[in-house]
Amino acid sequence: MGTYIVRRVLLSIVVLLLITIITFLLLHIMPGDPAAIMLGIDAGPEQIEALRKELWLDRPLVVQYGHWLSNAIQGDLGKSVLYDEDVTGFITARLPVTMHLSLMALVLSAVLGVGAGIICAIRRGRILDSVITLAANIGVAIPIFWLGILGIYSLGLKLGWLPLQGYTSPFDDFWLSTSKAIMPVICLAIPSLALLARQTRSSMLEVVRQDYIRTAWAKGLKERVIVLKHALKNALIPVVTLLGIQLRILVGGSVLVEKVFNVPGMGRLLVDSVLGKDFIMVQACILVIALLVLLANLLVDISYGWLDPRVRYG
Amino acid sequence: MAALLKVRNLKTQFRTEGGLVKAVDGISYHVDEQEIIGLVGESGCGKSVSQLSTLQLIPNPPGEVVDGEVIFEGKDLLKFGANGEKMRSVRGGKISMIFQEPMTSLNPVLTVGEQLVEMLELHLKMPRQAAEKRAVELLEMVGIPDASARIDNYPHQFSGGMRQRIMIAMAISCNPKLVIADEPTTAVDVTTQAQLLELMKDMVRRFNVSLIIVTHNLGVVARYAQRIYVMYAGRIIESGTSKDIFIDSYHPYTVGLLKSVPRLDEQRGKKLVPISGLPPNLVNMPDICAFRPRCPYATQCPGEGYPELRQISDQHFVACHIDFQGKSREFYAK
């Protein structure tokens, strides 16, 4: 297992380097001179030239990359075009918000989704299975912004049970933070929860038909042991893949929920920066999101190894 | 010797889209203590289903044991709830099974040690450490080299023959009274087959257990089984001692099976005689002798309806309408 993890980590580092190269090149793929865009149409040639020097844009690409990378490693991702402030500051403010909501949504959907999937598989064809499967199908199909608006209207506006919008850090006021997080987290969790439930159900049903499950029954084991020890570990392999994809979607794609609930997270920062042509910020956001995806994939790979010895020794 | 297992009129049916399949249609057999029994028949004749039925391992739906008794140690196993505590203590503890596919019958994500140990902990209430020690002994006993290191390996690190040895170790681990081996050697090569069968025979002798060998391979049972049951289309059509079946075979189906096996003591170049036709579709079977469409003596067959098993000598029973005794078979064939 140790060598397997080391191998995976080394591979990730290679991918990491590729990511930095591609993100760095983003700036140069865009049409036009970055310095000219940053300064706007009123700038004279001398100003542009000065900024080009400051940004090392007059040097060879490789040197620029080295300079950018060494800055990035030290946490300096450049200055925002719109705000004239370090983008690192924005990111350190926004990232924890997104991570807080996303991780809560991920845990919620993983626990409930896998649990519901197992129940469906055990009670296949019974009423409970039909109800959960129907709910999961609805959950996959439902647009989350619509669900969010519905939640704000009913739970927030009409009933007054939950705050309408916004975000508070749990370290400032835990209860307020939690009550504000409930609706966004549920909205984020529902699609992944539904997907995970469906995936767990079908992969459990696939596994319980296998010969080794019949062997387990023939050994006289209890149903609980067969399901949780013999079947689940086998059934989780495709589920973990899906879970990794969900984490990526939760981190990068929470734009809708952040917009609806007015949460200052990464998704909104990215979209606002794109709209404001703040390409330094976009570059930084993409780098951070790519890093998170890389980390998620690494975790998924490591769990494969833990779940399936054939992967570990392969 | 006393009967260890007595199965009476066992019926297992499957509800399928095509109709009701009577996979096992009223079979009766018994196994004495320390006896080796062979259960022979073509693929799909219900031999595996009958064995899974006795342990209530038929997935329901679509399958269901609809009638019959399985008397084991004086109790009817079919009266126990399918996955209740009583049934579970029999499975693996008193009656264990070895399955056909060694490649897929072991759990790929658990070590073989774990798969052995969990049984010992469950049925013999062994503490973990003792169970681990016992697991190593069992693996050594079935001929796994370097067992104390191999115990932490996963099934994919073993060959097919080795996995089947592990299955045998699991089957005997909790000192059962009866081991059911369902086509134990079908998926392995011939040399391994012989080794595995010898191993099973040794284990049976050593631990005083009875053994049911389910197979379509007559050669396998000829050498080891004391008594043989021949199944066709969900019913037993002939039973008797090895000698009854192989020397004095009576039922045209049994005779046909034996003619289709190559023999070393026969003239070279002689052609094998296959049984013409195909086994019947078990959906909605009419109440006639199931072998009739393939029977070479069908035109001379006097009987209607399904022939009941009748005794023709001490232990020899056969389900056939035709009375061959005292007459040559050639007489009928004309």
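Select Thr20(A) to start: setting aside residues up to four places away in sequence, Thr20(A) touches Tyr65(A), Trp68(A), Leu69(A) and Leu287(A), where contact means heavy atoms within 4.5 Å. Before going on, please note that this is a predicted model, in which local features need pLDDT of at least 70 and side-chain atom pairs count only at pLDDT 80 or more, while totals for chains, interfaces and linings use all residues. Residues are numbered from 1 along each chain as its sequence is written, chains are lettered from A and ligands numbered from 1 in the order in which they are written, and side-chain values use heavy atoms, with hydrogens and water left out.

**Stop 1: around Thr20(A)**

Keep Thr20(A) selected and colour by secondary structure. Thr20(A) sits in helix H1 of chain A; helices (H or I, at least four residues) and strands (E, at least two) are DSSP runs, numbered from the N terminus. Is Thr20(A) buried or exposed? Thr20(A) is buried, at a relative accessible area of 8%. Here buried means under 20% relative accessible area, exposed means over 50%, and partly exposed lies in between (1.4 Å probe, protein chains only). Now show the backbone of Leu17(A): the side chain of Thr20(A) reaches the backbone oxygen of Leu17(A) at 2.6 Å.

**Stop 2: the aromatic rings**

Next, show the rings of Phe24(A), Tyr65(A) and Trp68(A), which ring pairs link into a cluster. Rings of Phe, Tyr and Trp (its six-membered ring) pair if their centres lie within 6.5 Å; planes under 30 degrees apart count as stacked, over 60 as edge-to-face and the rest as tilted. How many aromatic pairs does the structure hold over all chains? There are nine aromatic pairs over all chains.

Zoom in on one of them. The ring centres of Phe24(A) and Trp68(A) are 5.7 Å apart with the planes at 45°, so the pair is tilted. Phe24(A) belongs to helix H1 (residues 2–29) of chain A and Trp68(A) to helix H4 (residues 61–73) of chain A, so this pair ties together parts that are 44 residues apart in sequence. Phe24(A) is buried, with 5% relative accessible area, and Trp68(A) also counts as buried, at 11%.

Then move to Phe174(A) and Trp175(A). Their ring centres lie 5.4 Å apart and their planes stand at 80°, so this pair is edge-to-face. Phe174(A) is partly exposed, at 47% relative accessibility, whereas Trp175(A) is exposed, at 67%.

**Stop 3: where chain A meets chain B**

Bring both chains into view. The contact takes 21 residues from chain A and 27 residues from chain B. About 2,300 Å² is buried between the two chains, with carbon and sulfur atoms giving 59% of that area; buried area is the accessible area (1.4 Å probe) that two parts lose on being put together, summed over both. Select Arg214(A), Ala218(A) and Lys219(A): they supply 26% of the area that chain A buries against chain B, more than any other three residues.

Which elements give two or more residues to the side of chain A that touches chain B? They are helix H9 (211–218), helix H10 (223–252) and helix H14 (309–312) of chain A. H9(A) gives the most, with six residues.

**Stop 4: two asparagines in loops**

Go to Asn262(A), in the loop between helix H11 (255–260) and helix H12 (266–275) of chain A. Asn262(A) has a positive phi of about 55° although it is not a glycine, and it is partly exposed, at 35% relative accessible area.

In chain B, pick Asn208(B), found in the loop between helix H7 (190–207) and strand S8 (210–215). Phi of Asn208(B) is positive, near 55°, in a residue other than glycine. Asn208(B) is partly exposed, with a relative accessible area of 46%.

**Last stop: chain A as a whole**

Zoom out and show chain A as a cartoon. Chain A has 14 helices and zero strands. Its C-alpha atoms fill a box of roughly 85 × 55 × 35 Å, taken along the principal axes. Of the 314 residues in chain A, 44% are buried. Among contacts in chain A between residues at least 6 apart in sequence, 71% join residues at least 24 apart.

Methods: Polar contact = N/O pair within 3.5 Å; in protein donor to acceptor, adjacent residues only side chain to side chain.
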